[in-house]
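User: Hello! I am new to this structure and would like to get to know it step by step. Could you take my questions one at a time?

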Amino acid sequence: MQLKINGQTVEVTETKSLLDVVKEFGASAPFALAVNGQFVPKSQHESWNLAEQDSIEILSPVQGG
Amino acid sequence: MQDKLSDQEATRYSRHLLLSQIGEGGQIKLKNAHAVVVGAGGLGSPVCLYLAAAGVGKITIIDPDTIEVTNLQRQILYKTNHVGREKAQMAANQMQALNPLIQVQAIGKKVENCNFEQVIKDATAVLDCTDNVSSRYFINQICVQAQVPLISAAAIRGEGQFMMFNFKQQTSPCYHCVFPDLDGDEAGLNCSNAGVVGPLLGLMGSKQALEFVKYVVKPESCSFAKLTVIDIWSEQNRQFNLAADPACPVCTAPEL
């Protein structure tokens, strides 16, 4: 299955969870995730079903002010 | 509740009165509004200045720190001769000098120790301009409980994030839904150790002040529950629709 992560095209096996996919990509906690512009709550990171051509964004928290 | 503007106010705010979206009615709403600004630093500076200039009737500024010379690169409330003074009081002085027609309150304490529940009781919205996770979590939690809208921004290096929550809406996500696992990230990046481009704070803080004004005069024009991410170097600005996490221990939204 072909996906985009932070704009970069990646190929993954069908069975992987959203969490596994981003971890394999190199994301390290803490982060927030969005798929196709829609935020995915943390409690759904493992159960979220990915589809061909989904576009995943890994968002690092910013705290400065 | 005030229901009219004085001649002095009508003159001062004339450029607002010309706008169909604000006009006299909107300016009176601003006069009756109470903004609670937490953090008088890089974000808090433009927030305070714009809200005071715009005629927000009551502004509370909370910050326990004193002004340091390294703040002056971006914290535009302060002048060189203010170094060593208390931020909250100095911010209040600057706002009052800018606009003597409004009421300003300075609280020189940590937000966690200022009886925040009481402070925001009559608040129109809270503007989170803080620089650390524990304050951000605390502010979020109290705003959720009190159902006071939260206008949150943050910036580091060349990256900015903006979120706005209307906790009067039952289904609203909260800050904790978006970033639930920041505990222990206190040693994480902040402006002191990672740096930040000065005018980025102006951009993000102005956005907070702008959305406060819009919320007061025309709330239906505000985009709640969206995360806007700005990267000044790539000029890639992205926006995401947020949703409540049904497992969130802070807001435990009844439905997704």
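User: Which strand of chain B holds Ile230(B)?

Analyst: Happy to start there, and please keep in mind that this is a predicted model. Apart from residues within four places in sequence, Ile230(B) is in contact with Glu159(B), Gly160(B) and Asn237(B). The strand that holds Ile230(B) covers residues 226-231 of chain B and is S7.

User: Does Ile230(B) count as buried or exposed?

Analyst: The cut-off for a buried residue is 20 or more other C-beta atoms within 10 Å of its own. Ile230(B) has 22 C-beta neighbours inside 10 Å, so it counts as buried.

User: How far apart in space are Ile230(B) and Glu159(B), C-alpha to C-alpha?

Analyst: In sequence, 71 residues separate Ile230(B) from Glu159(B). The two are also in contact. From C-alpha to C-alpha, their distance in space is 5.6 Å.

User: How many helices and how many strands are there in chain B?

Analyst: Chain B has 256 residues, and 49% of them are buried. Its C-alpha atoms fill a box of roughly 50 × 45 × 40 Å along the principal axes. As for secondary structure, chain B has 10 helices and eight strands.

User: How many of the residues of S1(B) are buried?

Analyst: We can look at strand S1 (residues 34-38) of chain B one face at a time. The number of buried residues in S1(B) is five of five.

User: In which sense do S1(B) and S2(B) pair, parallel or antiparallel?

Analyst: Strand S2 covers residues 58-62 of chain B, and four of its five residues are buried. Val36(B) has Thr60(B) as its bridge partner in S2(B), and Val38(B) has Ile62(B). Five bridges join S1(B) and S2(B), and the sense of their pairing is parallel.

User: What is the handedness of the crossover from S1(B) to S2(B)?

Analyst: Between these two strands the chain passes through helix H4 (residues 44-54) of chain B. That makes a β-α-β crossover, and it is right-handed.

User: Which helix lies in the β-α-β unit with S2(B) and S3(B)?

Analyst: Strand S3 (residues 103-107) of chain B runs parallel to S2(B), with five bridges between them. Ile62(B) has Ile107(B) as its bridge partner in S3(B). The β-α-β unit is right-handed, and its helix, residues 87-98 of chain B, is H5.

User: Which residue of S4(B) is the bridge partner of Ala35(B)?

Analyst: S1(B) also pairs with strand S4 (residues 125-128) of chain B, in parallel and through four bridges. In S4(B), the bridge partner of Ala35(B) is Ala125(B).

User: Which residues have the most contacts inside the largest nonpolar core?

Analyst: In soluble globular proteins, nonpolar side chains tend to be buried together. Here the largest nonpolar core has 94 residues, and helix H10 (residues 198-217) of chain B gives the most to this core, with nine residues. Beyond its neighbours within four places in sequence, Ile59(B) is in contact with residues including Val37(B), Leu51(B), Met95(B) and Val104(B). The residues with the most contacts inside the core are Cys48(B) and Ile59(B).

User: What pattern does chain A follow along the sequence?

Analyst: Turning to chain A, its secondary structure comes to one helix and five strands. With a radius of gyration of 11 Å, close to the 11 Å of the globule rule for 65 residues, chain A is as compact as a globular protein of that length. Read along the sequence, its pattern is β-β-α-β-β-β.

User: Which elements of chain A give two or more residues to the side that touches chain B?

Analyst: The contact takes 17 residues from chain A and 37 residues from chain B. By class, the side of chain A has nine nonpolar, six polar and two charged residues. The elements that give two or more residues to this side are strands S3 (32-35), S4 (38-40) and S5 (55-59) of chain A.

How values were computed:
Residues numbered from 1 in each chain as written. Chains lettered and ligands numbered in written order. Predicted model: local features only at pLDDT ≥ 70, side-chain atom pairs only at ≥ 80, totals over all residues. Core = buried A, V, L, I, M, F, W, Y, C linked by C-beta atoms within 7 Å. Buried ≥ 20, exposed ≤ 12 C-beta atoms within 10 Å, placed from the backbone. Contact = placed C-beta atoms within 7 Å. Nonpolar A, V, L, I, M, F, W, Y, C, P; charged D, E, K, R; others polar. Rg over C-alpha atoms; globule rule 2.2 N^0.38 Å. Pairing = 2+ DSSP bridges. Right-handed = clockwise from strand over helix to strand, strands pointing away.
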